[in-house]
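Biologist: Could you walk me through reading a few features of this model? I'd like the general idea, then the case here.

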Amino acid sequence: VKETPIDMLCETNRTVLTVNGLFPGPKIRAHKGDTIYVNVTNIGPYGVTIHWHGVRQIRYPWSDGPENVTQCPIPTNSSFLQKVILTEEEGTLWWHAHSDWTRATVHGPIIILPVGGTNYPYKFDEQHTIVIAEWYARDTKAIIDEALATGGDPDLSVAYTINGQPGDTYPCSNGLMYNITVVQGKTYLFRIIHSGMNEEMFFGIAKHNLTVVGMDGAYLKPLKTNYLMITPGQTMDVLVTANQSPGRYYMEFSPFVDTDASTNENVTRGIFQYSGSYNHSETPALPELPGFTNKSDAGNFTIQLRSLNSKEHPATVPTKITRNITITVSVNQQPCPTNKTCLGPQGSMHSASLNNISFWTPSISILQAYYNNISGVYNNTFPDKPPFVFDYTGNVSALGEAAFVSTEVLMIKYNEEVEIRFQGTNFGAAENHPMHLHGYSFYVVGMGDGNFSDSYVSQYNTVDPPYINTVGLPKNGWTAIRFRANNPGVWFVHCHLDRHASWGMDTVLIVGEGPNTDQ
């Protein structure tokens, strides 16, 4: 991990933190069931951690990565050998920094191939990895440090990039953009990774259909569509057949915006170009993507996703729930401290919470405190339900917006069948929240608008729900997930919009030990 000069847009003499001098960082390739050892050497200007996003890390949270949750930052001029344990994951995942906002430029793909003697459940001719990212005009650690100090909004990104290229819609890009040359009649597997910080994205390729076949390291029933909606943290495996007239076609990422908060409404483009003879100077065709604020198209895409649920890749959805948890997800405001000027709404400080608790990151890791019985680091009193019931998605103007700031963790017994219902609220600048759970993938059994009702349980999909690790909680809506708590350890839960995670939209699950030494 080191500072590296990167030429981007009109900037000169700019360095950013990278891995091995690359943006995006190097690709890790492995087979299902492999164990990977990664030696992380930090020669950057401040401490950093690395997370293996979507890898369950069975019984080994010590290398999971979130700062002061499962490890302390790796200090400057030191190394940490991390053990990455693959088990059931197969498909596309990714790795990224998990300290401050460093992951803006410190990230890269993890490609997990089928184990020897087995095949993909679909056919393709070639594969390509596409990483969408956000580019900032100055150091991202400085951006979030200043925002947290003043309580104001962090800077917006100034560009989106595809594999490090912003595309031709930006100044000083010199027309540089990511391009793929294809052969008519061939089918291509795109491994798409959304490493961006704060914006969901629509994606499409002009005049070409997409078939989604995998997500978050697990297979899906093939879903034919002309666009995707992908949130920060998610990965999707997509088949594209080059079946149009030879030419050049734009592929485009365009933000999905369902909030009143300030947003980078730029787009980024690449080129899907055919080999052969045609007019290469002709302007490429543009895809017809949903509009920035098209909430219905975003939701309609997500609810169509289904697990493959084949003999080789079965869905094992928990149906005998022993632990029901409801978590409200809110954007809050905290009062400005005395004798301080704050830059949040009406002179307050931005905040965020789960069950009205805004997570305070301790100075030593929760994992260390848990296994060494160190007191005073956290409280094991995160509630199974919100502190009080109200019309979560209605008019909340009469309610206070301050949350309780504390380090609270949620204790779960080994092997419990858990259902978590995430409930959006109408506080602050409400929007879609991509909720990510470390240490587990989970089944998304239900999703909808408005307040959750127990009557919805009968409508759950318990046959073939998608098995993922990051799910978009609809703005002013709800999402229900299920998993079996069979991975002991300390596991972070958070919104994958980094401004919300930095404001406290996080908690920690501590799953207890099993009865045997291998559990």
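Biologist: Which helix is D498 found in?

Modeller: Helices are DSSP runs of H or I with at least four residues, strands are E runs of at least two, and both are numbered from the N terminus. D498 sits in helix α4, residues 498-503. This is a predicted model, where local features need pLDDT of at least 70, side-chain atom pairs count only at pLDDT 80 or more, and totals for chains, interfaces and linings use all residues. Residues are numbered from 1 along each chain as its sequence is written, and side-chain values use heavy atoms, with hydrogens and water left out.

Biologist: Is D498 buried or exposed?

Modeller: Buried means under 20% relative accessible area, exposed over 50%, and partly exposed in between (1.4 Å probe, protein chains only). D498 has 9% relative accessibility, so it counts as buried.

Biologist: What does D498 touch, leaving out residues up to four places away in sequence?

Modeller: Contact means heavy atoms within 4.5 Å. D498 touches D100, W101, R103, M197 and N198 on that basis.

Biologist: And what does the UniProt annotation "domain: Plastocyanin-like" cover?

Modeller: UniProt positions follow the numbering used here, feature names are shortened, and annotations may be inferred rather than shown by experiment. The unreviewed entry puts that annotation on residues 1-113, 127-277 and 382-513. Residues 1-113 are 0% helix and 41% strand, with end C-alpha atoms 26 Å apart. For residues 382-513, it's 5% helix and 42% strand, and the end C-alpha atoms lie 19 Å apart.
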